Amino acid sequence: MLNEELRAALNEKDAAGLRRQLCAVPDGVLDLASNDYLGLARHPEVIEAACEAARKYGCGARASRLVSGHTPLHEQLEHELAAWKGCEAALVFPSGYQANLAVITSLSRRGDILFCDKRNHASLIDACRLASSQGAVVRYYKSAERLQKLLQKHADNRDGERFLVVSDTVYSMDGDLTDLTVLSDLTAHFNAVLILDDAHGTAMQNVKCKMQDMDCILIGTLSKALGSQGGFVVASQIVIDWLINAARPFIYTTGLAPANCGAALKALEIVQREPQRVARLCEVTKQLAYGLSAIGFTSRLNPSPIIPVIVGAAPRAVALSEALLRNGIWCPAIRPPTVPAGTSRLRLTANATLDDETIARVLQIFAQVKHEIS
């Protein structure tokens, strides 16, 4: 019966153009959907650093960090990440998803109140739901004004509850940024903990936690601009010590693979010695965004390398994606429930390695396929 029920549900997704399937990126196709913004995932130095780490420490971490999965590479990476972000300490995880779950669930007590941006990544939403199952209260907001009202409402009856404001720094589907100044001011005024997920901003913007001024915890990723895999948390030493002792997603999982540590360390070095990569990325983003708008696509320039091309209906977004693939461009359609109904899109991502000739070819293909599916 289970198989039949699931088959019927999948058929409904098919009919609505919402069924998802795994598909490997074909060889020779230009990938415009990757989060490898700075082109470091295939950088020769990064690859060699990963290989050297694997040769020295093995392919896997072999156990949880608290058992025997902790190596000098983990320590070095955490030291470098903390210094890079101006924090006392850092802790790395096998994924950014786990990092988000770890921070929110281990810092939320029964009765505490979490204020969660409705546009946050699914991992933050899931973490807040899990905290809610443990007795925390979750309130969702979609504007700074709404957040301020919620904070004030709960502050009027506050009796020792911990306030935690949870937000992305870069919204992954729209590419725009949260207002960090407003969030910082509000959390300071209401004595709240600010938890920021900087996954799509890691190495792209200079977000740092000023622990001397406020309670701020920054979560980042090794899996996007740094070209490796894994997540990290930077915060005060006492917060990191607490995570090591209380965060189940950290305690009960195998540590980050040594190769990923080695790759991330080398990528971090390159990012700091070659700031021109970020500058080039900004230029590529502008060329793509302005070019797509000139063609007639609904797109906009963001301060991030994420360029949403809003199509509307899910089947139309799929048709556009398939037409691009026939012409050598990989850019899958993004559909509900990832984005709201009626806003299906292609989520283009700029890459610092794209040259002007390639960008011109991309825009030419987009103009061609727009005519094909009109």
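# Strands, helices and a pocket: the reasoning behind the terms

Q: What makes S9 and S12 a pair of strands in this predicted model?
A: S9 and S12 are joined in the antiparallel sense over six bridges. Pairing requires at least two bridges, so S9 and S12 count as paired. Within S12, Arg345 is the residue that stands opposite Ile310.

Q: How do you know that S11 pairs with S12?
A: Two bridges link S11 to strand S12 (residues 344-349), in the antiparallel sense. The requirement is at least two bridges, and therefore S11 and S12 qualify as a pair. Ile334 has Arg345 as its bridge partner in S12, and Ala333 stands opposite Leu346 of S12.

Q: Why are S9 and S11 called edge strands of their sheet?
A: The sheet is open, with three strands in the order S9-S12-S11 and antiparallel pairing. Strand S9 (306-312) and strand S11 (333-334) each have a single partner strand, so one side of each has no neighbour in the sheet. Helix H11 (residues 276-295) packs on this sheet by touching S9 and S12, and its direction makes about 20° with that of S9.

Q: What makes S12 a mostly covered strand?
A: Six of its six residues are buried. Ser344, Leu346 and Leu348 point one way from S12, while Arg345, Arg347 and Thr349 point the other way, and all are buried. The cut-off for buried is under 20% relative accessible area. In a regular strand, side chains alternate between the two faces of the sheet.

Q: What makes S2 and S4 the edges of the seven-strand sheet?
A: The open sheet has the order S2-S8-S7-S6-S5-S3-S4, with mixed pairing. Strand S2 (89-93) and strand S4 (137-141) each have a single partner strand, so one side of each is left without a neighbour in the sheet. Neighbouring strands of this sheet are turned by 20° against each other on average, direction ignored.

Q: How do you know that S3 and S4 pair, and in which sense do they run?
A: Strand S3 (residues 113-117) is joined to S4 by five bridges, and the two run parallel. The bridge partner of Cys116 in S4 is Tyr140.

Q: What makes up the lining of the largest pocket, and which element gives the most?
A: The largest pocket holds about 900 Å³ of space. Of the 26 residues that line it, Gln21, Trp330, Pro332, Ala333 and Arg335 are the closest to its centre. H1, helix H12 (314-326), strand S10 (329-330) and S11 each supply at least two lining residues. H12 gives the most, with four residues.

Key: Residues are numbered from 1 along each chain as its sequence is written. This is a predicted model: local features need pLDDT of at least 70, side-chain atom pairs count only at pLDDT 80 or more; totals for chains, interfaces and linings use all residues. Side-chain values use heavy atoms; hydrogens and water are left out. Axes are lines fitted to C-alpha atoms, for helices over the stretch in contact, and angles run from 0 to 180 degrees between N-to-C directions. Contact means heavy atoms within 4.5 Å. On a 1 Å grid over the protein atoms alone, a cavity is a set of points where a 1.4 Å probe fits but cannot get out, and a pocket is an open set with protein on both sides within 12 Å along at least five of seven lines; lining residues have an atom within 4 Å of a point. Grid points are joined across faces, edges and corners, and a volume is the space filled by probe spheres set on the points. Buried means under 20% relative accessible area, exposed over 50%, partly exposed in between (1.4 Å probe, protein chains only).
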